[in-house]
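Subject: Structure for you to look at

Hello,

Here is the structure I said I would pass on. My notes on it follow below.

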Protein chains: 2
Amino acid sequence: MLIVQKFGGTSVGDLQRIQNVANRVSKTRKEGHDVVVVVSAMSGETNKLVAYAEHFSKNPSRAEMDMLLSSGERVTASLLAIALQEMGHDAVAMTGRKAGIVTDDSHTKARIEDINPATMLESIEAGKIIVVAGFQGVNIAGDVTTLGRGGSDLSAVAIAGAIKADLCEIYTDVSGIFTTDPRIEPKAKKLEKISYDEMLELASMGAKVLQNRSVEMAKKLNVNLVTRTSFSDEEGTLITKEENIMEAPLVSGIALDRNQARISLMGVKDRPGIASEIFNKLADAEVNVDMIIQNKAHDGTTNIDFTVATGDLFDAKAVVDTFVDEGEIKADSYNEDICKVSVVGVGMKSHTGVAAKAFTTMAENNININMISTSEIKISMVINEKYAELAVRGLHDAYELDK
Amino acid sequence: MLIVQKFGGTSVGDLQRIQNVANRVSKTRKEGHDVVVVVSAMSGETNKLVAYAEHFSKNPSRAEMDMLLSSGERVTASLLAIALQEMGHDAVAMTGRKAGIVTDDSHTKARIEDINPATMLESIEAGKIIVVAGFQGVNIAGDVTTLGRGGSDLSAVAIAGAIKADLCEIYTDVSGIFTTDPRIEPKAKKLEKISYDEMLELASMGAKVLQNRSVEMAKKLNVNLVTRTSFSDEEGTLITKEENIMEAPLVSGIALDRNQARISLMGVKDRPGIASEIFNKLADAEVNVDMIIQNKAHDGTTNIDFTVATGDLFDAKAVVDTFVDEGEIKADSYNEDICKVSVVGVGMKSHTGVAAKAFTTMAENNININMISTSEIKISMVINEKYAELAVRGLHDAYELDK
């Protein structure tokens, strides 16, 4: 098999851990596989460099930040290649440039536009282990760019797609994707397989494991993604296309997102286009609106409730206030003491009663549901944050996810 | 003027010092000059990376070492550019690649083959301050290479030559070139100007200030080189072509090289080609032979004495021993307790009596001269190491270098 293995900052956090990574790569190689390794900077290194830059400027220029930050991954890649060579392997370190990763011009948050895998394929053909510095590429002008948060994962997935790897393994300090957060429900089980779409819906739970950007790219490029831990030989979770999962369970997991705030607009003037105006202004302010409920009040005006990420609340308030000032909205209120609990599963596409069971479970636990939104593979409920754990455990139990 | 300013590791050793460098560059810019800055890695950084690599391998591969080591200069260049931008300057950081530095394939000790200054000239034209990561370039395959010891000085000189800079200032922790080592002779004076050739001869004294590689390149490219300190505004020493020095002094300085060993070959068989054989074998073993004395013994055999750098003594012994084993040489002996004192000055080309004064000085101080070698601008004498300081002070005095 041709396998891409990506190791994050914690996995290469010190010299001993880099040696451990070399041992793992070596083992994979000796099992007869071709291996391309993608590495992050040693943990703490990127933060140190950011702090250096911020010593000089609160708003350092992005092109220079990219030249600065891309150095961390180069160090890890070189060291790992040296370690592998010392173990007798023919290994070669590559920068993002050498690996053929071409991005757009958005320094510090560039998007991969193209990968020219010729150099990598040549080295694989020659029997070499390739160690690529993750998180980086070059724009068409030839300047170094970085891919932003989770960038090394993205490098790995994009490379796996470009070289048509059989597997892309993402090694972290977490052993895989669980039916829910084990810190909330100790009975949570690790999933063997999960579909891209389910993974995307579970993202709020799995955010620390995989970012949506990487999962979306894996889905687009049809890359079989595995998340597993670098600290043991434990099997991880395979994220793949739905067709590869033979017997999809009704429900795969319960996700919890505490990072939610609710905005209530009372007495919105009843004129055509007012809702569209409000939400367009919010979009202009780069506020990401999640759930929306609208209903008529007795006096002919409308009440609109919607949720945003807590971090967007300040910007959202500013937009809403302008409408209040202009008398278009009578009053507004905000609530940060909410959370969103989601039931995720591709199986619910073809089964009925999944939503009903969720609502019943909430009722049995005396939890009031504020808002509901559903998709083909997900039911999300906004509830008071104090019931978060109770709801997660109740749903985990109701769908028998510990079985 | 168009000025290249190069700052070594000590000058950019921490964030405060990088800010000091930014202040100096800013000042130069505000005086109306165009500035290209070349920086080394923060002091200690390169050693740290070397130690990391040696943790994994006693003999790490050179290509990977280059990818590893080149990261340090990138960090400094980015940070300095950010600091300059924060001060309101239009500054841009460039890697060796971006600056157009093309080298040969000799990883970790590459030679600069060509500089394509187009990108730099464009940025200068646009009024930008350029900050180049020193010590690095790319080979024709596009892989990062590093230039070996003193590589950042070399980057600076080569860039100054390529963009036809008026001046190339090398900032170190030493304030310039002195008539001799001030730790030996406190009356030593800083030279205002010195010719390339004198600087090359004084190298053993000035090794810590400037490497011969850089001086040779400055001479070849006709670059006006200034060495000065980054820790004060004190003027430095200009190293330039002889024609630019109007009234060359008879003697510019006294150099001392303690790093010398003497090898004596007794009873070398008197057959044609034997000396050539010995010195060719030494050259094959990469032993750099400095001075050679040959004289006939009474028995028809020959005695040959020569000096090498102490570090080459081990390799030289190995070569010589093969000739002893084969009976071509009767006996050999070694002496590390020697040093080389040199009187350097372009003025001696057109003046007589300079050598005589040196020999007289030694005689007056009861110092026995073991070996002598002279060039147009230099008289070197090998003496017992215990007289080193006495000889340096005596000569400094004799040529009135404190005046």
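B:Lys164 is exposed, since 12 other C-beta atoms lie within 10 Å. Please keep in mind that this is a predicted model. B:Lys164 sits in the loop between H5 and S9 of chain B. Its phi is positive, near 55°, and the residue is not a glycine.

B:Thr108 also has a positive phi, near 70°, in a residue other than glycine. It belongs to the loop between strand S4 (101-103) and strand S5 (112-115) of chain B. B:Thr108 is partly exposed, because 17 other C-beta atoms lie within 10 Å.

**Helix H8 of chain B**

Which residues of helix H8 (residues 212-221) of chain B are buried? They are B:Ser214, B:Val215, B:Met217 and B:Ala218. Viewed down the axis of H8(B), these buried residues fall within an arc of 165°, so they line one face of the helix. As background, an α-helix has 3.6 residues a turn, so residues three or four places apart point the same way.

**Helices H11 and H12 of chain B**

Helix H11 (residues 354-364) and helix H12 (residues 388-398) of chain B pack at an angle of about 130°, and their axes are 10 Å apart. That angle makes H11(B) oblique to H12(B). From H11(B), the contact is made by B:Lys357, B:Ala358, B:Thr361 and B:Met362; from H12(B), by B:Ala391, B:Gly394, B:Leu395 and B:Ala398. The crossing of H11(B) past H12(B) is right-handed.

B:Val392 is another residue found in helix H12 of chain B. It counts as buried because it has 22 C-beta neighbours inside 10 Å, and the cut-off for buried is 20 or more. Leaving aside neighbours within four places in sequence, B:Val392 is in contact with B:Thr180, B:Ile184, B:Glu185, B:Ile254, B:Leu256 and B:Val341. The C-alpha atoms of B:Val392 and B:Val343 are separated by 9.1 Å, although the two residues are 49 residues apart along the chain.

**How the two chains meet**

What relates chain B to chain A? A rotation of 180° with 0.0 Å of shift along its axis superposes chain B on chain A, with an RMSD of 0.1 Å. The two copies are thus related as by a two-fold rotation axis. Of the residues of chain B, B:Ser71 comes closest to that axis, with its C-alpha at 2.6 Å.

The contact between the chains takes 25 residues from chain B and 25 residues from chain A. On the side of chain B that touches chain A, H2 and helix H3 (62-86) each supply at least two residues. The largest share of that side, 14 residues, comes from H3(B). Of the interface residues of chain B, 100% are also interface residues in chain A, so the copies meet through the same surface.

One helix pair across the contact is helix H3 (residues 62-86) of chain A with helix H2 (residues 45-56) of chain B, packed at an angle of about 25° with their axes 8 Å apart. H3(A) and H2(B) are therefore roughly parallel to each other. H3(A) passes H2(B) in a right-handed crossing. In this pair, A:Val75, A:Leu79, A:Ile82, A:Ala83 and A:Glu86 of H3(A) meet B:Leu49, B:Tyr52, B:Ala53 and B:Phe56 of H2(B).

Regards

Conventions
Residues numbered from 1 in each chain as written. Chains lettered and ligands numbered in written order. Predicted model: local features only at pLDDT ≥ 70, side-chain atom pairs only at ≥ 80, totals over all residues. Least-squares fit on C-alpha atoms with pLDDT ≥ 70 in both. Contact = placed C-beta atoms within 7 Å. Helix = DSSP H or I, 4+ residues; strand = E, 2+ residues; numbered from the N terminus. Arc of directions from axis to C-beta. Axes fitted to C-alpha atoms, helices over the stretch in contact; angles between N-to-C directions. Parallel < 35°, antiparallel > 145°, perpendicular 65-115°, else oblique. Left-handed = near helix turned anticlockwise from the far one by under 90°.
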